Amino acid sequence: MTTPPDPAAEAERLRTTVDITHALLSAVSSPDPVHALAARLSTLCRGTAIIYDFEGATVASVGEAPAQLIWNEVAATHRRELSIPIGRWHVRTRRVSLRDGIHVIALASRGSETLDQIGELLLDSAERLLGAVHGIQYGASQRDRRDNEQLIASLHDGILPAREHRFWSQLAQFRFPAYAPVRALELAPVDASSASEAHLTQLIGRARSDDLPFLTMLRRVDMDSPSTIAAIVPASAASEHWIGAVAQHFLVGASAPFSALSQVPVCVREAETGLGIARQWASASASPEAPAPVLIDRIDLTTWLLSHVDPRQLEERIARTLEPLGSRQLRDTLTTYLAAEQNIARTADALFVHPNTVRYRLGRVEEALGRPISSALALTNLALALHPELIGRAAELDRAHAEQAAP
């Protein structure tokens, strides 16, 4: 025979549930609702509350319980819930499925009494509220992303100078300082022939975590070209640091700083030129690493001149200039010699040959060209013809030197 529930106990349970839900609901209106939720959970369980993402990174944590030890226990099992002791702490955890992946809520208390009494209620309420918070944030993020893409697309299409003030007010919604200089960017992933939504999401997340104002969209110049990522960022020290960081995974071309929004189409072409230079440098380098970002206002005269020449005509001229060398070995030796600042010893070390071998090969180069390579005109022509290879080779030599100098 089933014992009927005690009305008084049931009423007490309902009161406790309402009190807990009311206490946790106040976190939703906080500027940082996830951290506020963890703080209220910590207070209610009289201990520690931790929220992890699917990789074990701590999203929010309030309290002194050992977060890494708790995650180690969670990661060691696929169970949805755990109730375990860790040192002097009693811990309850729950896996929660959210839109952006699995998260884990962990509650820890010095004694088991509190978690035995209300641990399940806390986890139930926290799971629902965490889902609600993520749903709200996802909706806001999608609206921001749509508005973001519409704004940058309008700027790419071109606007009249008389309308700039309207667009600056829209940029202010994305935290761009009014009338402060910005840069146009073009980015292409190193690990793929064409940019994708996943790459775009990666960049948006990185900009958000670095608190960088960021307009961006996927862009395809024509049907036959691969997609790239177009962006506009402030021209600031923070944005240059960010550009340098993302250049580990993306080829980056950046325009010169500008503050007239009517100039966006012109500056986009500058960024495209920068990306083209980055692609040349990457193809000429034997290293799998991405080259440094190309800021069009920082490049040298040679790079700038070569970037404004018809590629097919340039290729023909380069082939004609280097044709007398004939041997690939002579070309590699010459490239390394110029990249090593014309230092025979450095060249020999890089090629793993004797310095006399380098001198012999350079002599053959001079015979083929019909003039000494110390000639200013000869050096100018050779540097222009070998420029992308020189950039890549010089970077390799600098890396090797840095590795040798490291303790």
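Buried denotes a relative accessible area under 20%, exposed over 50% and partly exposed in between (1.4 Å probe, protein chains only). The model is predicted: local features need pLDDT of at least 70, side-chain atom pairs count only at pLDDT 80 or more, and totals for chains, interfaces and linings use all residues. Residues are numbered from 1 along each chain as its sequence is written, and side-chain values use heavy atoms, without hydrogens and water.

**View 1. Helix α2 (residues 33–45).** Helices (H or I, at least four residues) and strands (E, at least two) are DSSP runs numbered from the N terminus. The end C-alpha atoms of α2 are 18 Å apart, in agreement with the 18 Å that its 13 residues should span at 1.5 Å a residue; the expected span is 1.5 Å times one less than the number of residues. Buried residues of α2 include Val-34, Leu-37, Leu-41 and Cys-45.

**View 2. The open sheet of 5 strands.** Antiparallel pairing gives the order β2-β1-β5-β4-β3, where two strands pair if DSSP finds at least two bridges between them. Because β2 (58–62) and β3 (81–86) each have a single partner strand, one side of each is left without a neighbour in the sheet. Strand β1 (residues 47–52) is joined to antiparallel β2 by 4 bridges, and Ala-49 stands opposite Val-62 in β2.

**View 3. Glu-396 in helix α15 (residues 387–405).** Glu-396 belongs to α15 and is buried, at 19% relative accessible area. Its side chain lies 2.9 Å from that of Arg-393 in a polar contact (N or O atoms within 3.5 Å; within protein, one able to donate a hydrogen and the other to accept it, with residues adjacent in sequence counted only if both atoms are side-chain atoms).
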